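Hi,

Here's the structure I promised to pass on.

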Amino acid sequence: MRSFNDIMKSRIRWQSIILIIFFCYLAGRLYWVQIKLHENLYAEARAKYITSKEVKGTRGQVFDKLGNLLIGNMPCQDVSITPCNIKVENDSKTARIIAKTLGLEYQEVLKKVSNKTRQVKQNDGSIKTSPRQYAQIARNVPLIKARKLKTVLQEHLLARDVHFHDTFIRYYPKGELLSNVLGITTMSHDKIQAVMGVEKVFNSRLKSDSGKITYERRRDGKRLGGDPIQEERSHDGYNLYLTIIEPLQSILEEELDKACEKWNPQAVYAIMADPATGNVLAMAQRPSFNPNERTSQDQSVYRIRVIGDVFEPGSIMKPLCVAGALDYGVVTPATKIDCEQRTWFFRGKALTDTHAYGMQDVTGVIRKSSNIGTAKIAIAMGEHKLYRTLRKFGLGSRCGLPLRPEERGSLKTPDRWDGLSISRFGIGYGVSITPVQMLRAYCALANRGKLPKLRLLDRIENQETGEIIPNPIEPPQNIYASPATGENIVKMMITVTEQGGTATKAAIPGYHVAGKTGTARKYERGGYSTSKYYASFVGFVPAEKPAFVLLLTFDTPRGSIYGGTVVGPTWKAIAERTLKYMNIPPNVPMPEKAKPAR
């Protein structure tokens, strides 16, 4: 029989074995948890008290050449909540305060405030219920409203779980001014999406890079003090400086609005440029829109018409044709042309003038804007010389302005011309152009044969370093073979605004204005309209050393159809104000009573 001591020894032995097994298991478990599962458990723990926050850089701003702000960033705040931390008894009160202050629907806000849990699908397919830590209430709340909401919530001791995050929205301080060129942006998936204009074309320069801050947080989600655990810097976008001069843009658009009120056109194109540099100084169109509101349902107002619309220019094409004939030596300024008695038949088709001009020299053909005279000059040139002339002036080619989409227009090669093309292309029919193409061609006329590349971007600025990156001016192309051609065609164009010309209403006392009117029937539905016209005037001043070239075209004006009547006075008003702004003194003697007020 076993003694008591033997029994105790046996018990002690078994207890020791059990303890040894337990401690072995504990050691193994600790090894498994501390070593094998360390990374996973550490990641789970960090997820509970460490979080990351995206830090957004600032999108680049857009200025005119003088530094006037055209597109800026308006500070605002996004409002969000932590629904799981809001007490149930405070749901209604919190929702009512938010809805009333921000002008939101109470039931929509209450739904977000009271929804305190969310269902999360696990890897094994099961559904887990977890507290809802975040709900978006409103985006881009103006700072005044956001601050008011914060104050009211603090007064009611409800501010702890309502969060305000700094952000910005795109702001266009000049409203409708230059809106089609500047373009717009929208928000998509919390990202800025550039839609059109400068905003889109230069998006890669304007857009900012986001950074990230990793930091420790409290249980309620708020950040603990101290330096962040990790920080990736955000980068601001570049600032753009356009060639546009805002005071000139304002003059252009103010006068356009007056003209639109009088003539009620279907559309208007207007562009001003420095012929020496190719800098676009002002550019506008009607109809247009306010990028801060965007209430128009007519999508056509968002198009950039000055580069995207094409039209048959009519008589503003004639100086290009005549300049080519002068340069090729086909005619001289004194060459006599029989402009007939209003009607002339070419290959069985009638070509008419508004009056019977009879015999005219080439200067008279331009001054009177004779279709017959210009057609005869074009025929004397021949198809290939006329085609090469128009191509040299840039017709049928994109101008290269950094805007999209830009149309090429239509200028057929001579092998595709019909029997009448040679008599029609030189007077602006059968050829379609964009407004910027014709403006560029007139820059070459003003430049005495030097065709510039049009520029819209002057320089770029790195916001962070202050570095300025200039956009170089490319040298112009010389398109005349004879040095005399430039002066000869400009002298002819000056007579257009003098007594006996078609644009006396565009004349400016004290200056020589060189230009050309255009009145072209509108082509639609397979034929030329008898009631719809394009009325145009393109010119430059002072003619001796042009400060600017200005193109104005009215699509289907009401009340009159002629470029000299409809467009001439508006062109003059814009040009006079521009000359005063540029401080360019008169250089032509004039009678005392005709002197402009200083």
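Let's start with a pair of helices: the axes of α11 (residues 318-327) and α17 (residues 484-494) come within 9 Å and cross at roughly 140 degrees. Before you go further, do bear in mind that this is a predicted model. The crossing of α11 past α17 is right-handed. On the α11 side, the contact is made by Pro319, Val322, Ala323, Leu326 and Asp327, and α17 brings in Thr485, Asn488, Ile489, Met492 and Met493. Sorted by class, that gives seven nonpolar, two polar and one charged residues.

Next up is α13, and Asn371 in particular. Asn371 belongs to this helix, which covers residues 371-381. Is Asn371 buried or exposed? Its relative accessibility is 18%, and because the cut-off for buried is under 20%, Asn371 counts as buried. Its side chain makes a polar contact with the side chain of Lys318, at 2.7 Å. Leaving out residues up to four places away in sequence, Asn371 touches Ser315, Lys318, Leu351, Thr352, Asp353 and Ile427.

What about the rest of α13? Eight of its 11 residues are buried, so the helix is largely enclosed by the rest of the structure. Among the buried ones are Ile372, Gly373, Ile377 and Met381.

At the start, a side-chain oxygen of Ser370 comes to within 3.4 Å of the backbone nitrogen of Ile372. Just after the helix, Gly382 has a positive phi of about 95 degrees.

Cheers

Definitions and conventions:
Residues are numbered from 1 along each chain as its sequence is written. This is a predicted model: local features need pLDDT of at least 70, side-chain atom pairs count only at pLDDT 80 or more; totals for chains, interfaces and linings use all residues. Side-chain values use heavy atoms; hydrogens and water are left out. Helices (H or I, at least four residues) and strands (E, at least two) are DSSP runs, numbered from the N terminus. Buried means under 20% relative accessible area, exposed over 50%, partly exposed in between (1.4 Å probe, protein chains only). A polar contact is a pair of N or O atoms within 3.5 Å; within protein, one must be able to donate a hydrogen and the other to accept it, and residues adjacent in sequence count only if both atoms are side-chain atoms. Contact means heavy atoms within 4.5 Å. Axes are lines fitted to C-alpha atoms, for helices over the stretch in contact, and angles run from 0 to 180 degrees between N-to-C directions. A crossing is left-handed if the near helix is turned anticlockwise from the far one by less than a right angle, and right-handed if clockwise. Ala, Val, Leu, Ile, Met, Phe, Trp, Tyr, Cys and Pro count as nonpolar, Asp, Glu, Lys and Arg as charged, and the others, Gly among them, as polar.
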